[in-house]
Amino acid sequence: MAIYKSMGQSEMFSFITINNLMVSFRVFITGILVGIGSIVSLFYEGIRIGAFESFFHQNGVLKESLFTVWLHGTPEISAIIIAGAAGITLGKGLVFPGDKSRFVSFKHSGRESLRIMLATVPIFFLAAFIEGYLTRYTEISYTVRGFIILTSLIAIVFYFVIYPIIIAKSHSKENVIDDRPAISGSKIILWRFICSRSFQRITQPIFKTFYATAKMVNICCTGHCNLWSDFKRFYWH
């Protein structure tokens, strides 16, 4: 796991951010090939991750790799999967235009997919921060690293799965009360939730969670870096 210590913290943060955004953009934009490109890109990423974990298992370091790689990999891979979903949405307009022309349908699906894609940007910054500033400290206990991984997973599942469902049900009830037709469940999808919220309102609770987490981890890393001030400098302002 020495690769995570091969660069300075700020340098790695910048490098990882750019790399993740490039990967996600490739996964997204290839969806224009009727969605197949995004599916193939996700399949490729899955094989690549599986190959790495298989290699670690063969060398007897699977446990260490899981608690190290997935420290930043949880938000990173989740965001890439969401980017792939955005790419599939992009291609959907060409394949299933419905009662619209293909051009109008593609324009509509492009707008939807772009909103989904843009929502992943803060998650990639978060993943890059963790990889640049936390992953290198392999001496941190499994308990602390496991807590960060679990917190990341819960936050992402809540904001990209559970909360949109709550909002959708709320909108449906409001429509019934207003004596208007309820919103079709098939139309209440992720992009509507993203569209109705600014990035700050979507991501601030997630960052606040890691704000507290980073402070705790900084105590574990005293003498190594001023993680607390770096976190505030990159994310809080």
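Predicted model: local features only at pLDDT ≥ 70, side-chain atom pairs only at ≥ 80, totals over all residues.
Read from the N terminus, the elements run α-α-α-α-α-α-α-α-α. Of the 237 residues in the protein, 44% are buried, and if we take the contacts between residues at least 6 apart in sequence, 75% of them join residues at least 24 apart.

Let me begin with helix H2, which covers residues 36-58. Just after H2, Gly 60 takes a positive phi of about 75 degrees.

That brings me to H3, residues 62-95, and its packing against H4, residues 102-119. Two packed helices are described by the angle between their axes and the distance between the axes. For H3 and H4 the angle is about 170 degrees and the axes are 7 Å apart; because an angle over 145 degrees counts as roughly antiparallel, H3 is roughly antiparallel to H4. On the H3 side the contact is made by Ile 82, Ala 83, Ala 86, Thr 89, Leu 90, Lys 92, Gly 93, Leu 94 and Val 95, while H4 contributes Arg 102, Ser 105, Phe 106, Ser 109, Gly 110, Glu 112, Ser 113, Ile 116 and Met 117. Sorted by class, this contact has 9 nonpolar, 6 polar and 3 charged residues.

One of those H4 residues deserves a moment, namely Glu 112. Is Glu 112 buried or exposed? With a relative accessible area of 5%, Glu 112 is buried, because buried here means under 20%. The side chain of Glu 112 makes a polar contact with the side chain of His 108, at 2.7 Å.

Finally, helix H5, residues 121-133, has 13 residues that should span 18 Å at 1.5 Å a residue, and its end C-alpha atoms are 18 Å apart, which agrees. Of those 13 residues, 11 are buried, so H5 is largely enclosed by the rest of the structure. The buried residues of H5 are Pro 122, Ile 123, Phe 124, Leu 126, Ala 127, Ala 128, Phe 129, Ile 130, Glu 131, Gly 132 and Tyr 133.

Notes
Residues numbered from 1 in each chain as written. Heavy atoms only, no water. Axes fitted to C-alpha atoms, helices over the stretch in contact; angles between N-to-C directions. Helix = DSSP H or I, 4+ residues; strand = E, 2+ residues; numbered from the N terminus. Parallel < 35°, antiparallel > 145°, perpendicular 65-115°, else oblique. Contact = heavy atoms within 4.5 Å. Nonpolar A, V, L, I, M, F, W, Y, C, P; charged D, E, K, R; others polar. Expected span 1.5 Å × (residues − 1). Buried < 20%, exposed > 50% of the residue type's maximum accessible area, 1.4 Å probe, protein only. Polar contact = N/O pair within 3.5 Å; in protein donor to acceptor, adjacent residues only side chain to side chain.
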